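Trainee: I would like to go through this model with you. Could we take it one region at a time?

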Amino acid sequence: MNLHEYQAKEIFARYDIPISPGHVATTPDEARAFAERLGFPVVIKAQVHSGGRGKAGGVKLAASAEEAEEKARAILALTIQGLPVRQVLVTRAVDIASETYAGILLDRATKQPLVMLSAAGGVEIEETARTSPEKIIKYMVSPRTGLLAYQARDLMRRVQPEPALATKMATVLEKLYRVWWDSDASLCEINPLVVTVAGEVLALDAKMSLDDNALYRHPDLVAYRDDRDESAGAVLAREKGLSYVKLDGDIGCIVNGAGLAMATLDLVQHFGGSPANFLDIGGSSNPEKMVTALQVITGDAHVRAILINIFGGITRCDDVARGLLIALDRMQVDAPIVIRLTGTNEAEARAILEARGLSATTSMEEAVQDAVARAQGVTV
Amino acid sequence: MSVLIDKKTKLVVQGITGRDGSFHAKAMQDYGTRLVAGVTPARAGSEIFGVPVFGGVAEAVAKTGANTSVIYVPPPFAADAIYEAADAGISLIVCITEGIPVRDMIGVWSYLEDLSKRPEGGPRLLGPNCPGLITPGQSKVGILPGHICKPGRVGLVSRSGTLTYEVVDQLTRAGIGQSTCIGIGGDPVLGTNFIDALRLFEGDDATDAVVLMGEIGGSDEEAAARYIAAHMSKPVVAFIAGRTAPPGKRMGHAGAIVSGGTGTAAEKIAAFQAAGVPVADLPSQIPGLVRAALAKPHRKSTVRANGRRPSPPKMKAKARAKSKPKRAKATKTTKPARRTKTARPRKRK
């Protein structure tokens, strides 16, 4: 789950990480009022779950109330990487003397927390990694001790030559690590961590994403969820515990197991089709899951064919077939359905489906090719 | 011989009275696994499927001699179950549970690493979020369906569950049996990675070739490709799922995500190709690639003589890495001299 900048900054503030004061506005009038309260110049920043906000014109400086209103209006009208801007953060602008990148994430290879620092702040870290990887300092943290104060100081001295500033920045890094650990974050990032001309250290931007598996122990953070950009289907799938990712094709896919689901999408594309989604109904043969899955898929107006790919290992194919019939009894499905069922009790499953005029193949490749043809309007 | 489990494996099931735990305990027992005990703290003293239920793993080990554990407890309690098994002296801990917070697993891993530094070593963890493993005809631990497997000489290691079943099924239908199938799991923090599994298969005299099934996210496949080029004498065939996955989206598995432009299927496929490992475009191509790989003479394993594999001299490893791609080019008549010299006929089934 991703947080907005202003949400991450609220969390940072609880840990005494210095941030510049700001307010979230949803209208140009509000933005103007907040700007007047803060004093000029101000920065107006789009709050969307997407990187590259600056490049997309989602971050603007305003020197007067009129300008603040006008810039806020422009930003609120933007769509950044497909996401409409619904709110802006209005903060006081500062004079920047230096910019640093600081991030905490998991290093999968060593299975330890990883601190990343770079003196090239303000640039996306992926960009720095591509163009000048030598500018990135990486440090593995022992989860036993957490990031120790002296380690944070040693690290910051490598990006900040001025000792007093390096020390100040080190305490920010220590706190950032605590935010990461305490919130079960998968990423905590300050980019840039700035030193102002006045010698103040400030987290000018904030980015956080949380480990979905740990949300059960952070009800306060779950309240930050902003799912207005998610489709109704995606929200339904999440609430019912299905893994769903919307894609932009026209073949709705329902598969049991994440690996098989990925391989199914790959096959669809291999045979010239385009998958509408990733959807893993998991290992259980609970008929409710099939009902939800079909609701999610049929809620996507682009879907022109539905491909159901089930490998019955532990899951019994006859249970899946029954679940599918229950689902079809409850709802109207107009798109053609192509079914592939194989494994445990596949013969019974086929008999159940045939009694209702449905047929199923046992070959994944055959089913995929059939679904691709049907999505293109060809009946095989 | 086989990898990690065999007929002698004595299994304790943690969470044996739960819905999944009891279902799979029965399935494992029916398959022939030596189920010796279960653990459910609140049900200690009872019995299920003819084996005793204990309040803790240590007691189960003391009274039954269990050496392997499989965990079916819910995510909030799963890390604790791993610590408990490790402290009880279990040597192989298989964690099926999906949805354990990464922070919990970081702690578990750090603890297991410390245990492994003891003179007597520490336990191996498989998973979490994995289907477990099976040595066909001998033992299965986890949730893999036994009936699709067939005893044989091809090892399989995979990050996924049902995709593994799909490929095992295709291998079996093609008449290719399996030595051991290992599901390492779909989480970002895993107890056993591809290299660990490859090392086990390389040292297993019941395995002639390995099928490796990776997916997007992380760089474990790339590390495996480098390991194969430098250390594996047995042929490996690879498959990577998630070619069509969009960046930044988690594809079902917590670990299956392309982030910051890394972890893509294209990178992984390129890494295997550079290591001379044939990569199947479709799952259905895997049996054919395995057959082709087995039909070719390959480097002699240095493992069989003494059961251990000395690490190859650095120079040679480098030289081999430079002479890539090897297996992919093996249809050519000119092969590196070293390989021709050490080539041996394939062991008959």
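Mentor: Let us start with B:Thr192, which has 22 C-beta neighbours inside 10 Å and therefore counts as buried. A residue is buried if 20 or more other C-beta atoms lie within 10 Å of its own, exposed if 12 or fewer, and partly exposed in between, with C-beta atoms placed from the backbone. This is a predicted model, in which local features need pLDDT of at least 70 and side-chain atom pairs count only at pLDDT 80 or more, while totals for chains, interfaces and linings use all residues. Residues are numbered from 1 along each chain as its sequence is written, and chains are lettered from A and ligands numbered from 1 in the order in which they are written.

Trainee: Where does B:Thr192 lie?

Mentor: B:Thr192 belongs to the loop between β11 (178–183) and α6 (194–202) of chain B. Helices (H or I, at least four residues) and strands (E, at least two) are DSSP runs, numbered from the N terminus.

Trainee: And which residues is B:Thr192 in contact with, leaving aside its neighbours within four places in sequence?

Mentor: They are B:Arg124, B:Leu125, B:Leu126, B:Ile184 and B:Ala197. Two residues are in contact if their C-beta atoms, placed from the backbone, lie within 7 Å.

Trainee: What about chain B as a whole?

Mentor: Chain B has 11 helices and 14 strands, and 53% of its 349 residues are buried. Of the contacts in chain B between residues at least 6 apart in sequence, 73% join residues at least 24 apart.

Trainee: In what order do the seven strands of the open sheet in chain B come?

Mentor: The order is β9-β8-β11-β10-β12-β13-β14 (chain B), and the pairing is mixed. Two strands pair if DSSP finds at least two bridges between them. β9 (139–142) and β14 (279–280) of chain B are at the edges with a single partner strand each, so one side of each has no neighbour in the sheet. Within the sheet, β8 (residues 132–135) of chain B runs antiparallel to β11(B), joined by three bridges; B:Gly132 has B:Gly183 as its bridge partner in β11(B).

Trainee: Changing topic: how many residues does each chain give to the contact between them?

Mentor: Chain B gives 46 residues and chain A gives 42 residues. On the side of chain B that touches chain A, α3 (75–87), α4 (102–116) and α5 (162–173) of chain B each supply at least two residues. The largest share, six residues, comes from α4(B).

Trainee: What is that side made of, by class?

Mentor: The side of chain B that touches chain A has 23 nonpolar, 16 polar and seven charged residues. Ala, Val, Leu, Ile, Met, Phe, Trp, Tyr, Cys and Pro count as nonpolar, Asp, Glu, Lys and Arg as charged, and the others, Gly among them, as polar.

Trainee: Now chain A. What is the angle between α10(A) and α11(A)?

Mentor: Helices α10 (residues 287–298) and α11 (residues 317–330) of chain A pack at about 50°, with their axes 8 Å apart. Axes are lines fitted to C-alpha atoms, for helices over the stretch in contact, and angles run from 0 to 180 degrees between N-to-C directions. α10(A) and α11(A) are therefore oblique to each other; angles under 35 degrees count as roughly parallel, over 145 as roughly antiparallel, 65 to 115 as roughly perpendicular and the rest as oblique. The residues of their contact divide into eight nonpolar, one polar and three charged.

Trainee: Is A:Asp184 buried or exposed?

Mentor: A:Asp184 is buried, with 20 other C-beta atoms within 10 Å. Its phi is near 55°, a positive value in a residue other than glycine.
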